[in-house]
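Thank you for making the time today. Please have a look at the sequence and the structure, and then I will go through a few of the details.

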Amino acid sequence: INVRMSGSVPIVDLVGEVDAYTSARFRETILELIENGSANLVINMEDVEYIDSSGLGALVGGLKRASERSGHIVIVCNNPQIRKVFEITGLEKVFNLYRTEDEAVDGVRAGAA
């Protein structure tokens with residue numbers, strides 16, 4: 001988990017597996033960013049190989065907290081297997097999924113419309 005900025009938008013880079021072993025730290029990272037005033041986040045999952053229900057739960061929890069502060073969480077994901085997880089769970093209707101980081105940053109700046 002690495003956090004960097006694109007202008008005023010935090011980008012959370014995830015690598016490898018987002019599962020029961022890593023999701024607690026991921027959740028803490030998201031909530032800390034939101035609590036510190038960054039309610040609009042980009043989650044970059046380009047290098048994620050696997051995500052389970054605990055990882056999805058961390059995303060949903062973060063989205064709930066961001067929404068309470070009129071923010072948005074968008075996701076960069078071009079891995080077909082990871083996109084399939086979002087489709088199967090119905091979360092592709094909840095999160096805006098982008099193929100590139102630039103599109104995601106533009107999307108979150110535009111209010112993730």
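Arg 4 has Ile 11, in strand 2, as its bridge partner, where strands are DSSP runs of E of at least two residues and helices are runs of H or I of at least four, both numbered from the N terminus. This is a predicted model, in which local features need pLDDT of at least 70 and side-chain atom pairs count only at pLDDT 80 or more, while totals for chains, interfaces and linings use all residues. Residues are numbered from 1 along each chain as its sequence is written, and side-chain values use heavy atoms, with hydrogens and water left out.

Strand 1 (residues 2-6) and strand 2 (residues 9-18) run antiparallel and are joined by five bridges, pairing being defined as at least two bridges found by DSSP. The two strands form a hairpin with two residues between them, and Gly 7 in that turn has a positive phi of about 65°.

Finally, Glu 49 is found in strand 3. Is Glu 49 buried or exposed? Glu 49 is exposed, because its relative accessible area is 57%.

Methods
Buried means under 20% relative accessible area, exposed over 50%, partly exposed in between (1.4 Å probe, protein chains only).
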